[in-house]
Amino acid sequence: MVSTELLSQSIINGLLLGGIYVTVGVGFALVFGVLEIIDFAVGEYVMLGAFTGAIVAPMVGGEGLLVVPLAFVAFFLVGVVIQPFIHHVTTGDRPMPLLMGLVFTFGLATFMRGSILTIFGPNTRNVPTNALSGGIEIGGLGTFPEVRVVTAVVGVLSLVAFMYYLYRTTGGTAIRAIAEDRDIARLMGVNINRYQSIAYGVYAGLTATGGVFIGLIYSAGPGMGLQYTAFAFFMIVLAGLGYLPGIIISGIVLGLAQSLTAVYLGGELVFFVLFGMIYVLLLVRPEGLLGKGEVA
Amino acid sequence: MRDNLKNTVNRRQFTKAAGLTGALGVTGVAGCLGGGSDRGGDKFKFGVVTSLSGDLRFGGEVTRRGYDLWKKTINENGGIEVDGSSYEVELTYADAKSDPSTGADAASQMITSEKVDAVLGPYSSNVTLAVAPIMEKNQTPHISGSAESPRIWEEQYKHTFGTVPTVTLIARQAAEEILSLDPTAESVYVSGVNGPFSKATASAMRDAAENKGVEVLAYDLNPSDTDWTSVVSSAKSEDPDLHFHGGHIGSHVSLLKAADQLNYDPNGFFCHYGVNTSDFKDGLGGDASGTFGATVWLPSIERTGGKLFGSAADYAKAARDEFDQSPDYTQAASSAAGIVYQQALEELGAAPPLSDTEQSKLVSILEDIEVQTFYGDVTFDKEGDFYHNNTTTSPLPVQLQGDDDEAVVVGSSASASEANYPVSE
């Protein structure tokens, strides 16, 4: 017999897990949809953000939440510095820019992971927080873990804020123009390098910020990134390639599928079900769950 | 942009990009691998296949510290003595990258190219299960200082030995002790990671509960990368007295963090393996306290002593001096694996490099060997389900206690401390 409380708790878990995925997927969808880069380093930005939380939090009174703005600013700057290199290997007379970007960011990911392993060693590290501890019990529904609720809210707000920037500001219009046709945008006077750097910087900043929250929820470890890279790919496929708002839906679907499968079908089947969903979707609905993604 | 996708790849440019990628990658992981295949006759050469990268890198590093400390200490003591001559020890490492097939390839490469005299085994049962057949095929002696899955010994590999007792024994005996704490538990929730070692651990925990007449509310296996809130939610709805979990350190940390977030608070958590490692304590911060675990060795334990290190405390001091952190039982068992080889080679009386016949004789000596070490007495079973596993060293239930979360022995033994049970904050 299905317990109502376990069902509602599983739905809460799934929704909040989806919120965690949204924090990672937002930036990844942004660079794919706007800059048309498949960034293999997305999970490593998560890992670096989590490590930043683990290293810096003890210096600011043991509160990981205080690291969030710092991580955003620091990795925004990192992204601004890295983007010209990606631009360099994906433009000019280079063939297959998507592949070039993939290869470059794969190397970047390996470098990031290896560097952290070499500098900090293999240990898992706690990202402490005193502000978000335990969960809020709501009778009849279940427990809402504080840190996961805040993470999900931040993920959704990040997406909304970025959508606002993209569709309601001059800078966002410029970025969309670049995505539409780089040459025409340049002819219209758009500073391509500047806006691409901003977009990549925002992506790096958002993803590392997500990493701080993920560190608060789980912990920080040098090998954690690959999992989030895989989930980021899942996210944009489910959302529909290039369709940013679909990220919320895809995060929720992934989170709920994972949570409900684990409880009602068995934890061993979780990844079987998730991979199955992706493959079936690619076969029957390549434009994503909402049908608004790009297809060749 | 998409038009560009239709273009043909320019090989030179692609190579440049790939080269840059490789350079970046190599820079990041530099220093992980040993090299060189020159084979002189003045040293015993041991191959080590362990995980220096990937998910199991922490455990791989633990085994590496154990093997390295043995090598350093024995070389400082003049090396292995054979017929009045001393031969230093050389270790050559290959990275299994936490992947069984990579480990098998690395082992094969090590035997054919590096021409090692013997092999010290990988971290994790998964990789050991892949490496052991390679050793069998090449008839190369192989001692694991870490693998615990019973499946390794059930395969009856003639050339593979292990210094850590199988988890079937460690987890079961420790679980029975924890289930006997007052107030006696009436129900238990058993979760675990779906891998050879972890599954065997969870299974042994379940068997222990059933043997004690304790109700097993669930036996819940999951992938290692799962989000453990689902398990915690299910467990919380069952309201068990105790929660047992079989897995590696990463899953312990994730499970206990999820438990904290969902206010799940049974009388105690028993996790095997690694609660007394810095990885576990660092991963949980202050929330590690009170967790039960199992071990076969602690720095404070009384053991016979013997070659190289006079006592467990002596070994722990040497390890702290060398690595600036306390050793756990896997590190100790890895060093003990080296000591077992040391005694076996002394008994063999052959100078390096070993011929095929001498390697075969070395295996025969290992089958009959009895070694007293700081880790405990080591012998290997000659038949049965634990064939070539060291079942002599006794398991101990432990709990993290005190401000420093030190692992102390609990349970019924004479030297046991009082358990904090039901666990209070």
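Predicted model: local features only at pLDDT ≥ 70, side-chain atom pairs only at ≥ 80, totals over all residues.

**Chain A: overall make-up**

- Chain A holds 11 helices and two strands, and from the N terminus on its elements follow the order α-α-α-α-β-β-α-α-α-α-α-α-α.
- Its radius of gyration is 19 Å, close to the 19 Å that the globule rule gives for 296 residues, so chain A is as compact as a globular protein of that length.
- The C-alpha trace of chain A extends over about 65 × 50 × 35 Å along its principal axes.
- Of the 296 residues in chain A, 58% are buried, and among its contacts with a separation of 6 or more, 76% are between residues 24 or more positions apart.

**Chain A: annotated spans and the hairpin**

- An unreviewed UniProt entry places the feature "transmembrane region" at several spans of chain A, among them residues 42–60 and 198–218.
- In the model, residues 42–60 of chain A are 79% helix and 0% strand, with the end C-alpha atoms 26 Å apart, while residues 198–218 of chain A are 95% helix and 0% strand, with the end C-alpha atoms 30 Å apart.
- Strand β1 (residues 135–138) and strand β2 (residues 142–145) of chain A pair in the antiparallel sense over four bridges, and within this pairing A:Ile136 has A:Phe144 in β2(A) as its bridge partner.
- Three residues lie between the strands of the hairpin of β1(A) and β2(A), where A:Gly140 takes a positive phi near 85 degrees.

**Chain B: overall make-up**

- Chain B contains 13 helices and 15 strands, and buried residues account for 58% of its 425 residues.
- Among the contacts in chain B with a separation of 6 or more, 69% join residues 24 or more positions apart.
- Chain B exposes about 16,000 Å², and carbon and sulfur atoms supply 42% of that area.
- An unreviewed UniProt entry gives the annotation "domain: Leucine-binding protein" to residues 44–383 of chain B; in the model this span is 46% helix and 19% strand, and its end C-alpha atoms are 29 Å apart.

**Chain B: the setting of strand β9**

- Five of the five residues of strand β9 (residues 242–246) of chain B are buried, so β9(B) is largely enclosed by the rest of the structure.
- In a regular strand, side chains alternate between the two faces of the sheet.
- In β9(B) both faces are covered, with B:Leu242, B:Phe244 and B:Gly246 buried on one side and B:His243 and B:His245 buried on the other.
- Strand β7 (residues 187–193) of chain B runs parallel to β9(B) and is joined to it by five bridges, with B:Val190 standing opposite B:Phe244.
- β9(B) also pairs in the parallel sense with strand β10 (residues 268–272) of chain B over five bridges, and here B:His245 stands opposite B:Cys271.
- Together with helix α9 (residues 249–261) of chain B, β9(B) and β10(B) make a right-handed β-α-β unit.

**Chain B: the surroundings of Ser149**

- B:Ser149 is found in the loop between β5 (142–144) and α5 (150–154) of chain B, and its relative accessible area of 1% is under the 20% cut-off, which means that B:Ser149 counts as buried.
- Apart from its neighbours within four places in sequence, B:Ser149 is in contact with B:Ser125, B:Thr166, B:Pro196 and B:Phe197.

**Chain B: backbone geometry**

- A cis peptide bond with omega of about 5 degrees joins B:Asp182 and B:Pro183, and B:Pro183 lies in the loop between α6 (167–179) and β7 of chain B.
- Another cis peptide bond, with omega of about -10 degrees, joins B:Tyr421 and B:Pro422, the latter residue, B:Pro422, being in the segment after β15 (406–409) of chain B.
- B:Ser98, a residue other than glycine, has a positive phi near 65 degrees; B:Ser98 is found in the loop between β3 (85–95) and α3 (100–114) of chain B and counts as buried at 18% relative accessibility.
- B:Asp405, likewise not a glycine, has a positive phi near 50 degrees; B:Asp405 lies in the loop between β14 (396–401) and β15 of chain B and is buried, with a relative accessible area of 8%.

Technical notes:
Residues numbered from 1 in each chain as written. Chains lettered and ligands numbered in written order. Heavy atoms only, no water. Buried < 20%, exposed > 50% of the residue type's maximum accessible area, 1.4 Å probe, protein only. Contact = heavy atoms within 4.5 Å. Pairing = 2+ DSSP bridges. Right-handed = clockwise from strand over helix to strand, strands pointing away. UniProt positions renumbered as here; feature names shortened; annotations may be inferred. Rg over C-alpha atoms; globule rule 2.2 N^0.38 Å. Areas by Shrake-Rupley, 256 points an atom, 1.4 Å probe, with all protein chains shown as cover.
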